[in-house]
Amino acid sequence: MVSNLGSAAVPPGYLSNQYSYDEMLGKDGHLRPHWDAFFKSLNQLGSGELQNRNSEISRLLKENGVTYNIYGNSKVDNRDWNMDAVPFLISKEEWEITEAALIQRASLFNLLLQDIYGEQKLIKNGIIPLELVYNHTGFLRQCAGIKLPGKHSLVLYSADMARSPDGKLWIISDRTQAPSGSGYALENRTVMTRVLPELFNGLKVRHLSPYFDTMSNALNELGARHHQNPRIVILTPGPGNETYFEHSYLSSNLGYTLVQGHDLMVKHNFVWLKTLSGLEKVDVIIRRVDDIYCDPLELKPDSQLGVAGLLQVIRSGNVSIANPPGSSILENPGLMPFLQNVSKYFFGTSLLMPTIASWWCGQPKEMKYVLNNIQSLVIKRIYRGINKSTSVDGGSLSAAKLNELKQQIIKRPFLFVGQEKINLSSTPSLVNGKMEPHKTIFRSFLVSNGDSYTAMAGGLSRTSSDALNFIVSNQSGGQSKDTWIISPEPVQSIILPKKFTEKAAVASNGGVLPSNTAENLFWVGRYTERLLGNARFHRTVIQTIAEGNRLMMEADVQAEQVLLKALTHYTFTYPGFIDEEDKDNEEKLKQPWPEIRDILFNETRAGSLKYDFVLFIRAVHAVRDHWSTDTWRVLRGMEEAWSTIKDPATTGHLKMQHILDSLVTSVVAFIGLNRESISREQGWLMLDMGRKMEQCLLLTSMLRATLVIKNDDLVDYKLQEAVLVSNECLVNFRYKYRSLIQLPLVLDLMIFDPNNPRALLYQLDRLKKSLANLPKTTETTLAAHDLFIIEAYQLIHSASKEKLSLPDKAAGQYLNLDAFLSDMYDILSGIQNAVSKTYFVHAQSQKQLFTTDTPEGDFFE
């Protein structure tokens, strides 16, 4: 690195591609002025410190849970989001031209959308071919006549831009259906300002906040005619979607409720949000579900992502939506050759920013050109398929494949477009401590603002995975970049809505919980306790076996076998250690480690610890907008810890104990952080109620699996001690009773003690309070769950430790204890079912917790 005196030097070893434009270097080989100022700040850090900061960026993004999903991955395998420490810079002069061109283009597409679903003058006057519109899957005849209030039907717009070898920015694609990426751009900027604040020194980098402020005002203005404080929701396909992180991220940052299709319903020609407290009217929907999936009543009948009857409500003007269904017609690359004429028709002027050269094959002359030059062009379909892949490089095809493509074009020419190949510009990227030139694409975002549009002063840039790769895609390993506009902030950038009063601005819709979110939080609570309880019991069993001396004490052997069988009952991993028909079961009890490893690490085995962990993580991701940054740090640590287990089959008992210790600590930290950070509203109520419910069920199962059978006194002693250890109650027992462990006292502590946090009575008291705080469905009769909780109290008050610890010598069991625990388990299951039927009205089956991968995409191609 060089001194910051004078001009900064070109980074050592930086070899730019001479066949494309370099963002950093001028024609004279020196740094461009805005890059020169940047490298003066960068050089002050030193190469070693810069590499440290780059690692810190990766760590923060992981801990913040910034991810995106991979196309077609039904397992919801979220990939870490990558960001380069070196931003993409745009000068003040260039941004002024670019901003004006983007505003013009957004305004043009708004008029184009209104015309296609309105009077269709462009088609009637021959400015755009009707085949180009009517053959596109994004043209929805059902949406004809739909127009949002105000000047703009197109509320949100984004454009992908790339620079040609002559240095000019070209628009290579438009995103109008559900433009994604703004949330990732905001997260990138947040991380950059935290990790590399020095780089902003001497540079007037424009802020991103005016864009998001304008978005909030625009959406409030859309809903202001419905309600002074409109309810705004973000409609997401669910956690299987590739950009679900962004949906939840924007929900948290903008304060809007994140919903899925089954959270909403149409009634009396309005859209309603199903909440624990009843139906709440929705005024504005930010749509992240593809057009065709929005309304199964009128569009795609088998869609489970939309809302039946939504289109009719939009037609009636009773709900506003950004962007309206049918907007994907504008993403048609076949429109590009006609946009100049469309601009002249509406504005009387040409486009301020050129579009990538395109030839629609629906015209004979253009089709002939494409066929004759196909190897030098990129061929696209006019609409994206389910697999998102619609582009093919003609020069990369074999002779057979090339001929096959030509035949497809000849057969249905109106479906294909030929586009010029752009040799993308290069921008510096930090790779292994060195600067390398990587190909880049820049996306900016615009939002309706009164009579015009406001562009985000920045955006999201993507680079190729390596210096020799010309493919720019996060799916193929590319990186993102923060984008800096080097320009002073304008004096006024936001037009405040006239109808939005100060009183309305401070009102809040907080605390209202969609029923789907409520169920997810309930299950997060249950999976949390299930994971913790199973980990602790596994640990106790492993410690007992590892420490037992089989040659010296027969009681150890008997206790171990009872605990192994109890582990099978407790985890429901049948047949496990209780397969009486298995001739090798006795050997399995003598050599239990293979089976123990399987019920620890086998992800596909229902009831195993890894299986429970996967369910826990998926449930957490389904409501990711509820977790704090510190909570995400704990969660990512848990995921990484499990990913380091390379060969479970050879894992010894000490390593297993270490894994379980770490897991228990992390789960307890997760519980503690939620207790400290989550507001005591309905979300906390459902989470905590799920925990209490699972604790009661787990304790009942453990007591029944370990203490019901009457064994020799020494064996019973060891089993009772194992129960206390598994529930972290051994210290409490010694402190309270100062006596040897014996069944009546163990039952007293674990069932009847109102001050022991792990006792059944204590948990029932807390569960009763949670149930009492649920919204009432009727004022005249007790709810079903209230009747069950009363029955639970009657059962526990009619029992006593003396009665329950009385053995039946003939049966060799504690029959009273067995009957008590069996009845209690049935009652607790009844409470769970009653709550589900009353408040989780959308639920069909538990697997609905996790939405499978669905089409939305546009950005991560």
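Analyst: Valine 313 is found in helix α9, residues 310–315, where helices are DSSP runs of H or I with at least four residues, numbered from the N terminus. This is a predicted model, in which local features need pLDDT of at least 70, side-chain atom pairs count only at pLDDT 80 or more, and totals for chains, interfaces and linings use all residues. Residues are numbered from 1 along each chain as its sequence is written, and side-chain values use heavy atoms, with hydrogens and water left out.

User: Is valine 313 buried or exposed?

Analyst: Valine 313 counts as buried because its relative accessibility is 0%, and buried means under 20% relative accessible area with a 1.4 Å probe, protein chains only.

User: What is valine 313 in contact with, beyond its neighbours within four places in sequence?

Analyst: Leaving those neighbours aside, valine 313 is in contact with residues including Asn269, Phe270 and Val319, where contact means heavy atoms within 4.5 Å. The C-alpha atoms of valine 313 and asparagine 269 are separated by 5.4 Å, although these residues are 44 residues apart along the chain.

User: Switching to α15, which helices do its buried residues pack against?

Analyst: The buried residues of α15, among them Leu563, Leu564 and Leu567, pack against α14, α16, α17, α21 and α22.

User: And what follows α15?

Analyst: α15 is followed by phenylalanine 572, whose phi is positive, near 60°.

User: How much of the whole protein is buried?

Analyst: Buried residues make up 58% of the 861 residues in the protein.

Methods:
Helices (H or I, at least four residues) and strands (E, at least two) are DSSP runs, numbered from the N terminus. Buried means under 20% relative accessible area, exposed over 50%, partly exposed in between (1.4 Å probe, protein chains only).
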